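Dear colleague,

Please find below the structure I am handing over to you, followed by an account of what was found in it. I would be grateful if you could read the two side by side.

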Amino acid sequence: MFLERLFKKKEKPISVKGMFEVGHKSITAQDCGYMLTKMTTYENRIEFCFDRVDADAHNLEKMTATVNLDSDERLIPFDVGGRTLYWDKVDEAFRLRDMPEGEPTALIPKVLIYPNDVMTMEQEYAEKYYSKEALSYALLKDGVYIWSYNDGCATPVVFETPRLFLLFGEIVRHPLSGMLPNVHGHLDLYTPSYAEIKGITEDNLIQLYNKNLEIGKTEEKNEIHSERID
C-alpha cells in the first residue's frame, strides 16, 4: 500500500493561472472583496485561491475553494469563507445571488435600486423591453427580476438601455454605468456569451450601442429619478 501511494501518478492540472492572468475575475461584495490569486483547472474541478479583503481594506485573509465541474447547472454554488458564491461555467465568471434589502431608490418606477447593491425590475416591464438573453442573468422571483449587480450580470440590460443608466457614469467604474467604455469592458469581462449570442463584436459595438442609446427602449426614458445613487 505504501509503495502504491509512493508511485501513484500525481494528477496533472489542465492549466494553472496566477494573479496576473485571472485577477480581473475578482469579485466585490458589499462588505468585502475576493481577489483571485490563482486558478487551477482539472478535468472535473477548478481550485481557486483568494485573498479576502474587508471593505475597509484593513484585514486580508487567504482562502481556497473548489468548484465541481461535473454539475449540470450553469451556476455552481461554492463556499468561500462562509459565503456562497457561484461559478458561471459558460462565462467563466463569479456570480452573486443576494436578495433585496433595505429601502430602495426608484431609478424609474419599475426599476428599483437597493442599498445592498441589488436591482429589481417588474417582470411585465422587463419582458416587454429586454431580450431573453439579457434577462437570463437575473433571478426571477415573485414577479420581479433580481440582479446582484456587483458581479457584472446586469451588463446586458445596461447595454440594451444605456440611456437609463447614464447617471451611474458619474460614479467611477460603477457596475451599472451606461457609459460606452464601461459597457464595452464589462461585456467582454462578465458576459461574453451574451455578446457572442447577440453578435456584438469590436466592429459593430459602437453602432449597436448608439442605436440602443437613441431608441432608449423605456417608456420613462426621460423620467429618471432626480435622487442620485451614492
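**Salt bridges**

E133 and K198 form a salt bridge in which the closest N and O atoms are 3.5 Å apart. Because E133 belongs to helix α4 (residues 132-135) and K198 to the loop between α7 (192-197) and α8 (205-215), the pair ties together parts that lie 65 residues apart in sequence. E133 counts as buried, at 16% relative accessibility, while K198, at 35%, counts as partly exposed. Please bear in mind throughout that this is a predicted model.

Salt bridges that share partners also join R74, D88, D91 and R95 into one network. In total, the structure holds twelve salt bridges.

Another of these pairs brings together the side chains of E11 and R45, with an N to O distance of 3.1 Å.

K62 is exposed, with a relative accessible area of 64%, whereas D51 is buried at 10%.

**Nonpolar cores**

The largest nonpolar core has 34 residues, of which M119, W147, F165 and L176 touch the most other members. Neighbours within four places in sequence aside, M119 is in contact with V111, L112, I113, Y145, I146, W147, Y149, A154, F165 and L176. There is also a second, separate core of 19 residues, with M39, F50, V67 and W87 among them.

**The surroundings of S177**

Which residue does the side chain of S177 join in a polar contact of 2.8 Å? The partner is the side chain of N182. The side chain of S177 also reaches the backbone nitrogen of M179, at 3.3 Å. S177 itself lies in the loop between α5 (155-160) and α6 (180-190). With a relative accessible area of 1%, S177 counts as buried because the cut-off for that class is under 20%. Again leaving aside neighbours within four places in sequence, S177 is in contact with V158, F165, F168, G169, N182 and V183.

**Helix α8**

In α8, the buried residues are L205, Y209 and N212. Seen down the axis of α8, these residues fall within an arc of 65°, so they line one face of the helix. What covers the buried residues of α8 includes α5 and α6. On the other side of α8, Q207, K211 and E214 are exposed.

Yours sincerely

Notes
Residues are numbered from 1 along each chain as its sequence is written. This is a predicted model: local features need pLDDT of at least 70, side-chain atom pairs count only at pLDDT 80 or more; totals for chains, interfaces and linings use all residues. Side-chain values use heavy atoms; hydrogens and water are left out. A nonpolar core is a set of buried Ala, Val, Leu, Ile, Met, Phe, Trp, Tyr and Cys residues joined through side-chain atoms within 4.5 Å. Buried means under 20% relative accessible area, exposed over 50%, partly exposed in between (1.4 Å probe, protein chains only). Contact means heavy atoms within 4.5 Å. Helices (H or I, at least four residues) and strands (E, at least two) are DSSP runs, numbered from the N terminus. A polar contact is a pair of N or O atoms within 3.5 Å; within protein, one must be able to donate a hydrogen and the other to accept it, and residues adjacent in sequence count only if both atoms are side-chain atoms. A salt bridge is a side-chain nitrogen of Lys or Arg within 4 Å of a carboxyl oxygen of Asp or Glu. The arc is that of the directions from the helix axis to the C-beta atoms.
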